[in-house]
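Here are some notes for a colleague who has not looked at this structure before. Please read them with the model open.

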Amino acid sequence: MILCTLFFIIFCLCKLVFLKRESCCYMLAYECYKAPEDRKLDTETSAKIVFRNKNLGIEEYKFLLQTIVNSGIGEGTYVPRNIISGQEDSSTLKVSITEMDDLIFDTLDKLFAKTGISPSEIDILVVNVSLFSPAPSLAARVVNRYKMRSDVKTFNLSGMGCSASVVSIDLVQHLFKSYKNAFAVVVSTESIGPNWYQGKEKSMMLSNCLFRSGGCSMLFTNNSALKRQAIFRLKHLVRTHLGSKDESYGCCTQTVDDLGYKGFLLTKSLKKSAAQALALNLRVLAPKLLPVSELIRYVYVSLREKKTKSTSIQEMGAGLNLKTGVDHLCIHPGGRAIIDEVGKSLGLSNYDLEPTRMALHRFGNTSAGGLWYVLAYMEAKQRLKKGNKILMISLGAGFKCNNCVWEVMRDLEDVNVWKDSIDQYPPETTVNPFIEKYSWINEEYLSFVRFH
């Protein structure tokens, strides 16, 4: 009887270890998009685009140009060609498809070439683009372009916002529990061209100042035999959704203004929703990361927050030292003020925030693809060493906070998408060179603009 019990226990332990190995999610490679130089959007060109909008008056001009010069975005970001050429109203299906094809196929071509994995070996494909969902789907276009197998499992996610990458990865890790030794590809990007706002609502004009072209394709596997080829291993992933609250649901939405112009609305309640979502997420994620000493402090902070019902990001982060459990923080580069706010609340140093600030400066807010430009910066600067842990923080429409933790599997030093500019970063100053040219802009709206 004792031997039977012992064998049963050993069997259960072996099964548990086996299942854990099967559920592993390794990233083999990722490829960020860099648009051609003829799509580069400096501040002077941005101003010309602003002045082309005949719906704007002097106050709207002041608001937009103030936002541009204080956004934290540099002179090297990219937009679709129809924006550069003055065809913002060209929202045809052909324009939208071309924008997506250029980015998706460019990154996938490079990803397959880098890894040596054939498209016919892919078992799972997830494509996320929030603001464009044609039929057949973008995932189907990828299958057709690369002649993938008939049994490939495809998923096309829309409307998931800036945190869609982490949502897609969560989907992949769950699918890995059902498919052994599988390969999965995730493509994260956003459709900018047909969603350029041409009205005059200030809360909808902000997206034109922040969002830029970009995206990333990633390759994952749960095959433990490829562990040595992997660059990252997924350790934890926590998703938080506040869509049941009307205020959070409506703080960033795609809508139409009173003049009939389509755009993306960002409201002042975004700050409160972000604070609540991040606080709730960290209450679940932090215990998985932090040592006992930090957990005790975290419990104290959580109880205090629950008692006071605070929605301040800064109060939420008081006493919480995430750097005791992770080595690097990869924050979504949504805007200068939100980066500064999260950094201040979590007690992060300028060194910790540098990758996010530089990704925003060089590439802008590329929505779901933004996290990977931040990660690429860390790699290009040779910060990522074997055994390091990286916390990814993403916030997106819904309202959602989706965070995950990666373990670095080997020392990384690929300059990747930063190869043409990494030596110039960080610059001595990120002050926009056109700040003096537009010095006539007043500070009237600065408190609202800086948050976004």
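1. The model is predicted. The protein contains 16 helices and 13 strands. Of its 452 residues, 57% are buried.

2. The exposed surface comes to about 19,700 Å², and carbon and sulfur atoms supply 54% of that area. Among contacts between residues at least 6 apart in sequence, 80% join residues at least 24 apart.

3. The largest nonpolar core has 82 residues. The members that touch the most others are Tyr-30, Phe-220, Phe-232, Trp-372, Leu-375, Trp-406 and Trp-418. Helix H15, residues 370-380, gives the most to this core, with nine residues. Another core lies apart from it and has 49 residues, including Leu-64, Tyr-197, Phe-264 and Ile-338.

4. Leaving out residues up to four places away in sequence, Leu-375 touches Tyr-30, Phe-232, Cys-330, Leu-384, Ile-390 and Met-392.

5. Glu-190 deserves a separate look. This residue sits in the loop between strand S6 (183-189) and helix H8 (202-210). Beyond its neighbours within four places in sequence, Glu-190 is in contact with Glu-99, Met-100, Val-129, Ser-130, Leu-131, Gly-214 and Ser-367.

Technical notes: Residues numbered from 1 in each chain as written. Predicted model: local features only at pLDDT ≥ 70, side-chain atom pairs only at ≥ 80, totals over all residues. Heavy atoms only, no water. Helix = DSSP H or I, 4+ residues; strand = E, 2+ residues; numbered from the N terminus. Contact = heavy atoms within 4.5 Å. Core = buried A, V, L, I, M, F, W, Y, C linked by side-chain atoms within 4.5 Å. Buried < 20%, exposed > 50% of the residue type's maximum accessible area, 1.4 Å probe, protein only. Areas by Shrake-Rupley, 256 points an atom, 1.4 Å probe, with all protein chains shown as cover.
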